[in-house]
Amino acid sequence: MAWQYSEKTKQLFMDAVHGKPGTHLGELEDPDGFGEHGSIACGDAMRFTFKVHRHPTDPTGDVITEARYLTFGCTSAIAASEALCTLIEQGGYTPVGALKVSNRDIVEFLGGLPEQKIHCSVMGAEALEAAVFNWAQRRGVNLEALGVDLHMDEQDEGRIVCKCFSLSEPYIKRKIRELGLRTIPEITHAIKAGGACMSCHHAPGGLQDMLDEVWQAADQAGQAPAQVSTLISFAPLDGAGAAETPSTGAPSGEANISPYQFSKKVEHAVSEYIRPMLQSDGGDIEIVDIKDRLVYCRLTGACKGCAKAGQTLALMVEQTLKDTVDERIRVIAV
Amino acid sequence: MTQIVYADNNATTPIAPEVFEAMAPYLTGEYFNPSSMYEPARRVADVVAAARRTIARAFGNVEPKQFLFTSCATESNNTAIFGTARANPNRRHVITTRVEHPAVLGVCKELERQGYEVTWLGVDRQGNLDVAEFIRALRPDTLLVTVMHANNETGVIFPVAQLARLTKETDPSIVFHTDATQSVGKLPIDLHGEYRYVDLLSFSGHKLHAPKGVGALYIQRGTPCRPYLIGGHQEEGRRAGTENVPYIIGLAKAVELAMAHLDEEAGRVRALRDRLEQELAARISWLEVNGGGAPRLPNTSNLSCYYIEGESMLFQLSDRGICASSGSACTSGSLEPSHVLRAIGVPFTAVHGSVRFSFSRYNTEDDIDHIVEVFPPVVANLRRASPYWDQVKNEPRPGPWLEAATQR
């Protein structure tokens, strides 16, 4: 998706990464507030530090004088970090006052952000909250007593389904279960998901698919286990105890041996008759897999790359196995 | 205006002048419907037939009628997969890989929703499939195997000829499809020779210097595959809709040119790519070539720069006239990082920091010089801004936060 950033966003980003004077890239030593926030789902993370001018008697009167950031993220994430620091320094805020700098202020400062990038500006606010919390601890300020609610809206990480409101698949699924949501309108009313552009309603992996998935799983959990597949299946090489279920083209013979016994017989024939013959020419054979009466082999050593490898297998290995184990065996060279 | 260095040829390619020239008459005077009865229409029908022959020749001189023209590789893939499923209602198992293009991945997921069972084969840290695991996945109820020829992100080549042979030797009724969108024009594909076990093969024009909006699907004679677009008798009923004549002419011309340049692709283009990787590796620490240990397309270089994010790299590259792409979440439109790099096991901080350069025969040594000059400072700028990077020591900054993010 091509960039539709404002000139301001592009300029801030470029100034910041080129270290233009007056920009805020970096980390303060001995900060008064330190906060980190990272979202793996979006691939961005931020470390935010600030220093204050300390009020002589009342810590809540501290004023932020410097703010710096380090950001791992896209163009808009770095520009939003720059915007946050500028707004905070210019505002002459106390740490608690700085919490008023909102996502919307940042977007406005940037001259707007593309819709799908709005969430990049949220990261700054969360790192700021963490730093203010850290400052409060250092300065012995009881934020709760001040009525500051630092409960961060924990967003479950994962694939973003509703892009308009940046809501992830795990979060929406959790809410579907917790709130017993059964329809798309119910989801939208409860958590906004799907309320704006509506493109996630019936997209593959969208809201309807998630509803189906959550409730089907829940409905099935209460029932008897799903019926066992009636499809014929090959048993794996070490599938001792698996039922013999011959497949197309290989009718079950009168000697009804298990796949395990069968593969043992093949291995025996290989080590007894075939391998010695190949090894006498400096080659070797590896059984890759056995399915029903199909034996998959790989020739190694001197035989590998030998132009006659295919013929060697077909003529010698297959004939030997037919003679000694089962005449229906077919050998496939891997 | 800055000079453009176009290094995103796996996304799309510039149209070859010869292709445009070949198409031009059919966009103007020669507008007739090849299905019509009069003389000018017959002329147009003849050119379409000739285009089909040109393409068939490029794939080992197979029977031309086995190629039908589509609107894009996505349509070819949809036709191949859904068409096979509808033609074989008794089989309900599909084998594919975790690293397919969304045009196959999405279709297989849709089949899964419809009740089909899909085996998703993984890849190792280099991007290679395990052939033994592939064999184990084949079952008596397997309907279709769909495995891409070359990966669009990393360029890693799967041994499609071998997998197709193993499939058909195991059970000739299993249909083998390959999405060859990235390999056609870059690797030789002989459907009479080594690749004769392939039943269905998709590709598109705009990856090989034809315009967007045209693709093709090879359907080996006798392969059970129901049509996807139903209507008129075009393409013998296998794909209804009036033939996109100018684009079909363009596709044939592009395929013809690509075949003439195959050696250049394997020689000069590969040398450009290799030089880029060597020079960047000498200048950038914590740089990894994704898929570098596997057989790869000669034109593709997928690089991970640890601890920085790709979108902000692309933005700076773009500012200096370089067009490339990234597997970072912020460039995907879905906010998810590349499923291909995740399947390979590239850690998150390196997935987000991936950049893909993909070249074509139109790239030059000067292009490489320009990237080598511009890219290292771009990486340095962002590492200076990264909380995962120690700006003083110029190396990754250890810490629990970093480790948690790296391992996830």
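Two strands count as paired if DSSP finds at least two bridges between them. In this predicted model, chain B holds an open sheet of three strands. The strand order is β9-β10-β12, and the pairing is antiparallel. Strands β9 (287–289) and β12 (354–358) of chain B form the edges. Each of these edge strands pairs on one side only. On average, neighbouring strands of the sheet are turned by 25° against each other, direction ignored.

Helix α8 of chain B, residues 262–283, packs on this sheet. The helix touches β9, β10 and β12 of chain B. The direction of α8 makes about 15° with that of β10(B). Strand β10 of chain B covers residues 300–305. Between β9(B) and β10(B), the antiparallel pairing runs over three bridges. B:Val289 has B:Leu303, in β10(B), as its bridge partner.

Chain A is described here by its domains and its confidence. Domain 1 spans residues 7–139, domain 2 spans 160–220 and domain 3 spans 259–333 of chain A. The C-alpha centres of domain 1 and domain 2 of chain A are 32 Å apart.

Mean pLDDT for chain A is 80. A value of 70 or more is reached by 80% of the residues of chain A. Over residues 224–254 of chain A, however, pLDDT stays under 50. For residues 224–254 of chain A, the model has 36 contacts beyond four places in sequence. Where pLDDT is low, predicted coordinates should not be read in detail.

Notes: Residues are numbered from 1 along each chain as its sequence is written. Chains are lettered from A and ligands numbered from 1 in the order in which they are written. This is a predicted model: local features need pLDDT of at least 70, side-chain atom pairs count only at pLDDT 80 or more; totals for chains, interfaces and linings use all residues. Helices (H or I, at least four residues) and strands (E, at least two) are DSSP runs, numbered from the N terminus. Axes are lines fitted to C-alpha atoms, for helices over the stretch in contact, and angles run from 0 to 180 degrees between N-to-C directions. Two residues are in contact if their C-beta atoms, placed from the backbone, lie within 7 Å. pLDDT is the predictor's confidence in each residue, from 0 to 100. Domain bounds come from an automatic or database domain assignment.
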